[in-house]
Amino acid sequence: MALGRQRQILGYLRERQDDMVDLLGRLVSIDSPSTDKTCVDSLCETLQELWTDAGARTEIIKQDTYGNHLRAEWGQGTDQVLILCHMDTVWEKGEAQRRPFKVEGGKAFGPGAYDMKAGIVEALFTAHCLGDLGFTPPHRVVVLHNSDEEIGSPSSRAIIEEEAKKSKAVLVLEPSADAGAIKTWRKGVGMFQVRVTGRPAHAGANYEMGASAIQEAAHQILYLHSLTDLDEGTTVNVGTIRGGTRANVVAEEAVLAVDLRVKTVEAANWVIPKIMGLRPKDPRVTIEVTGGLNRPPMERNQRNLALFHLARSVGMEMGIQLTESGTGGGSDGNFTSALGIPTLDGLGPVGGGAHARDEYLLVSSLPERASVVAGVLLNL
Ligand SMILES: [Zn+2]
């Protein structure tokens, strides 16, 4: 019975692959940069119509500064499962006209197609499929389309966390990892600014009176990079340095921008105090560090693995082999996993080149991945 059901789902969605591609083209044609409220709001309204057509109860969560968010809910039950699909992309307004959506050789191209408008298409067709085939998940499904994921979800984080706390699982329809792997972990992301203040002096007349912020920064940069532990998955990267005024002045100031990635909370708790507590080698220099963890790590824990095992068994019923992997990049799944809610990420299409001009997805993966999502929803 279960086997028959899963194959019916895949058959239904494969028959609608062209419709899925058409909808993807329509969504890609609506530019939605995180920083352009008018653009994202327009996509939000389109999605509200599409979800209403799919039989969902919808609510636009209005925002003043950032784009509006959409909450769509369907199905019944006291339990809840949360699906996350952000609407925003890293592409500016006008990009879809410069580089319009196209399909070539079984691949779909276009700004934001892979990351992650295809995930939105999957979510919508999953709802249509289960409704049309009369398969009812034993819980209600809440879909959140937020407008600001690509800039760290400043206005949607609290909403996501609130919905996640009410949910027994969270499915994130972000793009897959390499070769279609589903993501059971993501590194946490920290951002820090290090401001070094020394004493300026004439480099010729009063060199010894000066305390060089640049020399001090050089020591600190080497120390920061030495905190990297590739085996543990911890990386510390000073991405930019700025400092000094002229060659003949001992530099008064230097500023470093630091990126931190960690795989576990334990690693974060070990390395962050070291970054925050930088001490100058030259006692005449002061160091001020600001920042912290922007997204906590999504750890490869038993809760997330159990969800992956469910997805894998759903795939096996359809003859689709699913593998698991992780990434150094963060998503909204980091927030929900850190709350202790089982989270599975990378359920979006198979493809590559997120945030790059050669971004693409395999068209045939649209019905396949939507079938996996549908099967997971039914079996949770
Ligand atoms: Zn994304």
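Domains and a helix crossing

Student: How far apart do the C-alpha centres of domain 1 and domain 2 lie?
Tutor: This is a predicted model, in which local features need pLDDT of at least 70 and side-chain atom pairs count only at pLDDT 80 or more, while totals for chains, interfaces and linings use all residues. Residues are numbered from 1 along each chain as its sequence is written. Domain 1 covers 2–186 + 298–379 and domain 2 covers 188–295, with bounds from an automatic or database domain assignment. The distance between the C-alpha centres of the two domains is 38 Å.

Student: How are α2 and α5 oriented to each other?
Tutor: Helix α2 (residues 17–28) and helix α5 (residues 113–133), each a DSSP run of H or I with at least four residues, have axes that come within 9 Å and cross at roughly 130°. Those axes are lines fitted to C-alpha atoms over the stretch in contact, with angles running from 0 to 180 degrees between N-to-C directions. Angles under 35 degrees count as roughly parallel, over 145 as roughly antiparallel, 65 to 115 as roughly perpendicular and the rest as oblique. Therefore α2 and α5 are oblique.

Student: How many charged residues are there in the contact of α2 with α5?
Tutor: Residues in contact have C-beta atoms, placed from the backbone, within 7 Å, and here Met20, Leu23, Leu24, Leu27 and Val28 in α2 meet residues of α5 including Lys117 and Phe125. Ala, Val, Leu, Ile, Met, Phe, Trp, Tyr, Cys and Pro count as nonpolar, Asp, Glu, Lys and Arg as charged, and the others, Gly among them, as polar. The contact has eleven nonpolar residues, no polar ones, and, as charged residues, one.

Methods: Helices (H or I, at least four residues) and strands (E, at least two) are DSSP runs, numbered from the N terminus. Two residues are in contact if their C-beta atoms, placed from the backbone, lie within 7 Å.
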